Structures are given as C-alpha cells and as structure tokens.
Amino acid sequence: MRKTLGLNLLILILLIIFTLGFFTNIFGSLTIYGIVIVPILMLAIGGYVFIINFKKYNQNDFNNNHRLK
C-alpha cells in the first residue's frame with residue numbers, strides 16, 4: 001500500500017469518527033474534544049498528502065519524460 005493511499009484511508013476513518021461524534025453522543029464527554037481535534041488532524045494529514053503529491057509530480061524527471069511532443 002502506498003503512503004498516500006494509507007493516509008487517505010486514515011482520513012476516511014477519521015471522517016467517520018468525526019461524523020459519529022458530531023451527530024451522536026457516542027463518545028460521551030469526550031465528544032467536544034473529538035469535534036475540535038479530529039478536523040485539525042484531518043487537515044494536517046491532507047496538507048501532508050498534498051505536499052507529497054506536489055513534490056512527486058513536479059520533479060524534473062517526471063516533467064521531462066511525460067512532455068507532449
């Protein structure tokens with residue numbers, strides 16, 4: 001499994017946890033912490049995935065080898 005796929009699956013799991021915490025009281029008194037912390041984690045992981053992909057696809061080898069002629 002690639003790193004970005006694993007991180008995107010982690011974001012999906014965090015989104016499910018966030019949804020459960022937001023619409024139900026499944027976590028009890030910790031729900032408010034989940035509502036605050038989980039989106040921040042998702043944003044940080046998403047930014048990291050974006051930076052990884054941006055660096056990977058902006059390498060000189062990739063651009064030179066896949067240039068339209």
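A residue counts as exposed here when its relative accessible area is over 50%, as buried when that area is under 20%, and as partly exposed in between. These words come up again and again below, in a model that is predicted.

Start with the helices. Two packed helices are described by the angle between their axes and the distance between the axes. In this model, helix α1 takes up residues 3-23 and helix α2 residues 31-57. Angles over 145 degrees count as roughly antiparallel, so α1 is roughly antiparallel to α2. The crossing of α1 past α2 is left-handed. What kinds of residues make up the contact of α1 with α2? Sorted by class, the contact has 16 nonpolar residues, along with seven polar and one charged.

T4 lies in helix α1, and its relative accessibility is 16%, so T4 counts as buried. Setting aside residues up to four places away in sequence, T4 touches V49, I52 and N53. L7 also belongs to helix α1. With 18% relative accessibility, L7 is buried too, because the cut-off for that word is under 20%. Beyond its neighbours within four places in sequence, L7 is in contact with I45, Y48 and V49. How far apart are L7 and V49, in sequence and in space? Along the chain, 42 residues separate L7 and V49, yet from C-alpha to C-alpha the gap is 7.3 Å. V49 turns up in both contact lists, touching T4 as well as L7.

Now for the rings. The structure holds three aromatic pairs. One of them joins F22 and F23 in an edge-to-face arrangement, at 5.2 Å centre to centre and with 85° between the planes. Are these two residues buried or exposed? F22 counts as partly exposed because its relative accessibility is 48%, whereas F23, at 64%, is exposed. Another pair is made by F50 and F54, and this one is stacked: the centres are 6.0 Å apart, with 25° between the planes. Both F50 and F54 lie in helix α2, with a spacing of four residues, or about one turn of the helix. F50 and F54 are both exposed. Ring pairs also link F18, F22 and F23 into a cluster.

Note on methods
Residues numbered from 1 in each chain as written. Predicted model: local features only at pLDDT ≥ 70, side-chain atom pairs only at ≥ 80, totals over all residues. Heavy atoms only, no water. Axes fitted to C-alpha atoms, helices over the stretch in contact; angles between N-to-C directions. Helix = DSSP H or I, 4+ residues; strand = E, 2+ residues; numbered from the N terminus. Parallel < 35°, antiparallel > 145°, perpendicular 65-115°, else oblique. Left-handed = near helix turned anticlockwise from the far one by under 90°. Nonpolar A, V, L, I, M, F, W, Y, C, P; charged D, E, K, R; others polar. Buried < 20%, exposed > 50% of the residue type's maximum accessible area, 1.4 Å probe, protein only. Contact = heavy atoms within 4.5 Å. Phe/Tyr/Trp six-rings, centres within 6.5 Å; stacked < 30°, edge-to-face > 60°.
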